[in-house]
Amino acid sequence: MATSVLANDSQKFAELQKVIAQYKEQEGALMPILHRAQEIYGYLPLDVQNYIAEELGIPLTDIYGVATFYSQFTLKPKGKYTIGICMGTACYVKGAQKVLDKLQEVLNIGVGDTTDDGKFTLDATRCLGACGLAPVMMINDQVYGRLSPDDIEGIISKYKDE
Amino acid sequence: MEFYRAHVLVCGGTGCTSSGSTDIIDKFNDELQKHGLQNEIMVVRTGCFGLCEVGPIVIVYPEGAFYSRVEIGDVPEIVSEHLVKGRIVTRLLYHDSITEEETIKSLDEVGFYKKQMRLALRNCGVIDPENIDEYIAFDGYKALGKALTEMTPDQVIDTIKESGLRGRGGAGFPAGLKWEFTRNAVGDKKYVCCNADEGDPGAFMDRSILEGDPHSVLEAMTIAGYAVGADQGYIYVRAEYPIAVKRLTIAIAQARQYGLLGKNIFDSGFNFDIELRLGAGAFVCGEETALMASIEGRRGEPRPRPPFPAVKGVFSKPTLLNNVETYANIPQIILNGPEWFRTIGTEKSKGTKVFALGGKINNTGLVEVPMGTTLREIIYEIGGGIPGGKEFKAAQTGGPSGGCIPAQHLDTPIDYDSLTQIGSMMGSGGLIVMDEDNCMVDIARFFLDFTVDESCGKCPPCRIGTRRMLELLDKIVSGKGEEGDIEKLELLAKNIKASALCGLGQTAPNPVLSTIRYFRDEYEAHIKEKRCPAGVCQALLRYIIVAELCKGCGLCAKHCPVEAISGERRKPYTIDTDKCIKCGLCMEKCPFNAIIKK
């Protein structure tokens, strides 16, 4: 079944096939496969879900149901940098909301959105467990702690120029 | 094992890693190499020391010098002064780790550690979690050896039952009973699962154990497998914890290599293996039936109980499910005996509890105390009190399922039952401190917002009921509250508690109920006086110029974008609250701090 997303990149497709072969016989294979598929493609395009459905013999509706149930799976491509601002309790009582407001203002997008240039995606995440550094945000794997709204513009501009 | 004259322990927990401890470790290795000391001094990446507030933390032994907030630029100095010349860099020591005579206190003497009793965290910050030999050197896998070679499965279960250990995940169900139910369940195949889906915001106890001492959990699960008759284990861990996942993966591989997982462990004929399963960001998966659905690769939706997991769990087989901290206690109970464990704690809650201290507190971090310790001891003696001389208002325990504990209960000895009695719950152990600047209605709204977002949608009381509650709270914080809204909240709460399907829904109203119980006056101020006493709820704030402080410079009026400020030069100005859009610019611009919001 050669559909657009799958046919566009044969290397990624080969990786996906490998992952499915690796987990296929295991009980409860769907979650690990979706995790890995998202690592490969950056998101879970419908074509990929369809292919997994055929390979595992699970109805597409079930796969779509799982993919949309968990907040870490995404059906939309993300920006180059994903900004996750922690909205856990410790961060919230220390002013995470104000940092988030500032991020929305600086990036001019809402939570869950991606900037038009495809550079930034803004997420309000669950507790990152770095409560000692509250309030905290992550840009991809880099953690920024003890933030105040005044820090935001400086941090974002570093990534803009890259 | 090679001999080293000094050890440099660097915290590799999430908190310290976030503030750059990995680069610090690399720098130490570089600098030691430069001085030719790489064979004399060893750098160890450990798990969490607990005192995240002053991270990154570096402790140098044999002296036990506790360096805090270490920056990469400090490393050459520590190496050349301390490790080469033997002169401790006093400027970098944690302030409470030195005596008045400038000598180093032992860690047990430091205020933060003095009242603590580290059982579940015993190896965190002590050993290298990526090295199984270090775990073994600290009696690791000795309990497994004892269980497999000297005890019958029934004896193991009796030991756990006698110890009085209760589940550390929240509800506090006696662990030994769960083990017995699973053992007695009929089935050809059984599973042992570990709930490491620590979803409560502000809780990071389990993460620190997995990062700092992963083998203790593997060892305990294997003991549990032997006791209940299972040969397969699953650890369901949050995908948000990359370091924990990495260390668990390493630990499982090492245990397999040493024959501590796999076939015929300790030549006993007992087989057991463990697999990791990653969550994908759904709070409800911390609920046991939802967690099992997720392991099976389905949507994480809870189902009614009974049947309980002990009878029908993962893949419909009898399953034992405990959380990380519960397991971390098991090896020591086996080694030291149930009587030893029973001497710690209160009458009905034995042992210790790990709390994640966060919010408005000086020593943010991870603490472990015997059950029965009071909140006051935790917050003021271990936690170092509230920053900025502010007044304590409430402590939130139990996350979105728990409640807020006000100042009048600061002296309550904490255990499962006392917390329930005062309208909160133990939960997994998040403890968030709030001061006078936090609005309790806003906090209740924050938690409801969380549960509405995380409700799986299966049962209407939770899906619809919590949303109605959130709407009422939104109304109140935006100044549109009406008489009777509090009563409506209480009625909804009562009905949701009685009718929701799972623990998430049944406890979702708790943050609202407990804040109404202790801070009803704040709700009433929002509703009747349209006032937020803590000055948090934006819609209810008013900006006021204090006439005595105003010098009449006119700067505020010049900057006001809606011309809401008027007055004559050199005389106090006033703000027209009807025109004011509450942007706060005037307050920012006033050079005399004459503008306040309340």
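**Domains of chain B**

I began with the domain bounds: chain B splits into domain 1 (6–114), domain 2 (135–342), domain 3 (352–435), domain 4 (440–528) and domain 5 (542–597). I kept in mind that this is a predicted model. Next I looked up a spacing, and the C-alpha centres of domain 4 of chain B and domain 5 of chain B are 37 Å apart.

**Nonpolar cores**

I then turned to the largest nonpolar core, which has 146 residues; M137(A) and W179(B) touch the most other members. Helix α10 of chain B, residues 214–228, gives this core its largest share, nine residues. Another core lies apart from it and has 46 residues, among them A53(A), A67(A), F73(A) and A290(B).

Back at M137(A), I listed its contacts, leaving out residues up to four places away in sequence. M137(A) touches I83(A), G84(A), I85(A) and L103(A), and also Q142(A), V143(A), Y144(A), L147(A), I152(A) and I155(A).

**Cysteines**

How many disulfides does the structure hold over all chains? I found zero. I wanted to see why, so I checked two cysteines against the 2.5 Å cut-off for a pair of sulfur atoms.

- The sulfur of C48(B) has its closest cysteine sulfur in C52(B), at 4.1 Å, which is too far for a bond. C48(B) is buried, because its relative accessibility is 4%.
- For C580(B), the closest cysteine sulfur is in C586(B), and at 6.4 Å that is too far for a bond as well. I noted C580(B) as buried too, with a relative accessible area of 18%, because the limit for buried is under 20%.

Terms used:
Residues are numbered from 1 along each chain as its sequence is written. Chains are lettered from A and ligands numbered from 1 in the order in which they are written. This is a predicted model: local features need pLDDT of at least 70, side-chain atom pairs count only at pLDDT 80 or more; totals for chains, interfaces and linings use all residues. Side-chain values use heavy atoms; hydrogens and water are left out. Domain bounds come from an automatic or database domain assignment. A nonpolar core is a set of buried Ala, Val, Leu, Ile, Met, Phe, Trp, Tyr and Cys residues joined through side-chain atoms within 4.5 Å. Buried means under 20% relative accessible area, exposed over 50%, partly exposed in between (1.4 Å probe, protein chains only). Helices (H or I, at least four residues) and strands (E, at least two) are DSSP runs, numbered from the N terminus. Contact means heavy atoms within 4.5 Å.
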